[in-house]
Amino acid sequence: MPKILKAVVLAGGSGSRLWPLSRQQLPKQFLNLNGVDSMLSSTIARLSPMIAQDDVWVVTGEAHATGEAFSELDGLNKILEPCGRNTAPAIAIAAALLQDLSNDDPVMIVLPADHIVTKKDAFQACLKTAVHAAEAGRIVTFGIVPTHPETGFGYIQTEKSDNSLHSVIRFVEKPDLENAQKMLDDGNYYWNSGMFVWKCSVILDQIEKLLPDVFFQLGQMRARWNNGETWQEVIRNGFDQMPDISIDYGVMEKSDIVSLVAADIGWSDVGSWDAVHEIAPHDSDGNDISGNVLAIDCKGSLLRSEKNLIAAVGLEDIIAVETPDAILLCKRGESQRVREIVDTLKDGDHGTYHLEHVTVRRPWGSYTVLEDKGQGYKLKRIKVLPGARLSLQAHQHRSEHWVVVSGTATVTCGDLVKVIAKNGSAYIPIGEIHRLENRGKVVLQLIEVQVGEYLGEDDIQRFDDSYGRVT
């Protein structure tokens, strides 16, 4: 094995096709879809023992690291993107950082955070093959051995070979069913997994050759962090100048040094509710049922409830997913179109259903919107973990009334700091600088009533924050 081996996990996607469970502020890579751990945690775990967690870097949105995904990302090495620019800029920055921080030329493994791999031993065997090829100067991708004519994936054609490592001929866009069947019958086509292995120097040389605009912007940023500026601050201030382009389109499809490891690893990109149904355990009628569900004479359906009862009779090949604020209903085979729902929610006057759940996780705890009718007030339940505190903040358009229902709150309001026990209350006027803390040993719960002409979550100015969210 190489002297230095690093992994980069890409965790910046939106997971829109798994709405309503996956939302923009908490996408699928931070959710548990088929086990006890999140998809991100499972991705990192399958690298062990070849790569320790300290040698794993996660590339994700800055908003995720300081928002709902804080608990999943806390304690991990992170490269935070202030905006989305696709995979090529993210990989370029990660490769340059790994070189500069290690003062060496590591072999770099790139994995999406939102895939499922059920055969860990087979995955690690493929990884060893890929690392060996990468040390010899190749850029290596994992090609998934296809099991059926899939129209939702890109394909990779390789030269015929009896070895597990193949030379790549070309990349193929998502095909129609007829061409997908032809490629399956040919036997030298593989699904494009988006998993890669290469030396940092090799991928940077390819980016310089094939994506000169990306390489130029990277050079500008790299010079700044090597001249004493903090690299994360350099990324925060310069990343938006990067072109928006994928590593597949920008490098992999054009490079002449690409090899493929044929991988039969129990892989799924979990890209839709149909994919979730395929990998889930089924009852005797082919149903995937979880949560508060009563199903009578149903067949081949996915029925998932997060809170409210789903009562179903005589359904066949139906997907029904319930969360406390939304219900998805569609036929099996149509779930790729869930993205159309999310796009419509973004463009229309439908509130924040695409953005966040009713209960929103925060680094300090969570809040649940109990009522928000757009009538000049909003009602919330707030939970603050022991030892946690909200930012020192102010609002320009709303006042807040707090009533403690359990635990003890320490409230800063202007120059006044007071302790409020159960049944006590506090009033925060518009524009007043304030903070809420839980200095106790049990969870603090309170009811918040917001009153004002504008009640959006962006009406907040932070002056001090324990989680790096100062405005």
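**A short tour of the model**

Start by selecting Asn-188, which sits in the loop between helix H6 (177-186) and strand S9 (189-199); helices (H or I, at least four residues) and strands (E, at least two) are DSSP runs, numbered from the N terminus. This is a predicted model, where local features need pLDDT of at least 70 and side-chain atom pairs count only at pLDDT 80 or more, while totals for chains, interfaces and linings use all residues. Residues are numbered from 1 along each chain as its sequence is written, and side-chain values use heavy atoms, with hydrogens and water left out.

Is Asn-188 buried or exposed? Asn-188 is buried, at 11% relative accessible area (buried means under 20%, exposed over 50%, partly exposed in between, with a 1.4 Å probe and protein chains only). Show its contacts (heavy atoms within 4.5 Å): leaving aside residues up to four places away in sequence, Asn-188 touches Ile-156, Gln-157, Thr-158, Glu-159 and Lys-160.

Next, select Lys-199 and Asp-105, whose side chains form a salt bridge at 3.8 Å, N to O (a side-chain nitrogen of Lys or Arg within 4 Å of a carboxyl oxygen of Asp or Glu). Lys-199 lies in strand S9 and Asp-105 in the loop between helix H4 (87-102) and strand S4 (107-112), so the pair ties together parts 94 residues apart in sequence.

Now move to strands S18 (residues 359-362) and S19 (residues 365-371), which run antiparallel, joined by 4 bridges; two strands pair if DSSP finds at least two bridges between them. Find Arg-362 opposite Gly-365 in S19.

Last stop: select Asp-372, Lys-378, Lys-380 and Glu-457, which are linked in a network of salt bridges.
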